[in-house]
Amino acid sequence: MFIVKYYVGIDLGGTFIKAGVVDENYNIIAKASIPSEVNGDHEALADRMVECAGKAMAELGLTVDDIESIGVGTPGAVDTKTGLVVYANNLMMRNVPLGEYLEARIHKSVYVANDANVAAYGEALAGAAAGIDNVVVITLGTGVGGGIIIDGRIYTGFNQFGGELGHAVVEYGGWPCTCGRKGCLESYASATGLVKMTKIAMEEHPDSKLWEVAPSLDDVNGKTAFDAMRLGDEAGTEVVNKYIAYLGCGLANYVNIFQPEVLLIGGGICKEGETLLAPLRKVIEEEAYSIDGQPTCELRRCALGNDAGTIGAAMLWKQYQ
């Protein structure tokens, strides 16, 4: 008789805890979400994570006894060998044994990893890079996150903290970054960086159609420059070209370092589709190290959205086989 195996993936955020039951074919078959209520009481947070997982299991009439293992994706620096959250600012965590707390409550194996790495793993298993063993994933949001998959395994470096792709410098001595460096990719290629570039252009070009798209600086978002470009605006076009140049530089760097078979980008800015991807492919083609006739990296857009973290977390057990 064929027995279906179930796994639970938990996506821990500063605002919400999301949990999903995932089958062995990487399908999310039940979901639940509850507020995180972060207040520094980490054992209470573990209780809420268990509650959220229980809600997802209850959708299918399952109990913990029906689950093979549980995986967690959390912001911050994580020691994946021990389940220790070394530091996660927005969760008020420093050296918190999250895996231990959960195992004591659930009595199942619990695996904990950085949320960006977990999402990258989900895309490599079941998303836009399904079945591909060497993948780099970049996410463009408030910051620039990402993950590295080498030979099917999440790369984290000797100290478990590797994969901070947003903090590679693309403009030496450039804009300050929250990490303390200057000129990081995150400062230029994040949605935050794009908004900053757009606002500067608006202040420098008061007659620009950027002001038609965003009547005030408070109205500027990641689409503003692209929308102005589509209106034929020179300043908007300049912002978009500058943004693509910085992002393309960073992506070409990662291709040259890791030579992934597929490079994925995700985040709200990627809704621009080929308007963004086509020129990025051109930059990578021109700047990536390659030899004529040899296979080259393929740039794709992430496919799973918020489900990537749930699937990747649920399947973390595979990293320990």
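## Strands β6 and β7

In this predicted model, strand β6 (residues 84–88) pairs with β7 in the antiparallel sense, over three bridges. Strands are DSSP runs of E of at least two residues, helices runs of H or I of at least four, and both are numbered from the N terminus. Two strands pair if DSSP finds at least two bridges between them. V85 stands opposite V96 in β7.

The open sheet has three strands, in the order β5-β6-β7, with antiparallel pairing. Neighbouring strands are turned by 15 degrees against each other on average, direction ignored. Axes here are lines fitted to C-alpha atoms, and angles run from 0 to 180 degrees between N-to-C directions.

## L84

L84 lies in strand β6. L84 counts as partly exposed, at 23% relative accessibility. Buried means under 20% relative accessible area, exposed over 50%, and partly exposed in between, with a 1.4 Å probe and protein chains only.

Leaving out residues up to four places away in sequence, L84 touches A77, V78, D79, N95, V96 and P97. Contact means heavy atoms within 4.5 Å. L84 and V112 are 28 residues apart in sequence and 7.7 Å apart in space, C-alpha to C-alpha.

## Helix α2

Helix α2 (residues 98–106) has the buried residues L98, G99, Y101, L102 and I106. Seen down the axis of α2, these fall within an arc of 160 degrees, so they line one face of the helix. The arc is taken from the directions from the helix axis to the C-beta atoms. E100 and A104 are exposed, on the face turned away from the buried side.

The cover over the buried residues of α2 includes β1 (6–12), α1 (42–58), β4 (67–74), β6, β7 and β8 (110–114). H107 follows α2, with a positive phi near 60 degrees.

## Cysteines

A search of the whole structure finds zero disulfides. A disulfide is a pair of cysteine sulfur atoms within 2.5 Å. For C177, the closest cysteine sulfur is in C179, 3.7 Å away and too far for a bond. C177 counts as buried at 10% relative accessibility.

For C297, the closest cysteine sulfur is in C302, 12 Å away and again too far for a bond. C297 is buried too, with a relative accessible area of 17%.

## Basis

Residues are numbered from 1 along each chain as its sequence is written, and side-chain values use heavy atoms, without hydrogens or water. In this predicted model, local features need pLDDT of at least 70 and side-chain atom pairs count only at pLDDT 80 or more, while totals for chains, interfaces and linings use all residues.
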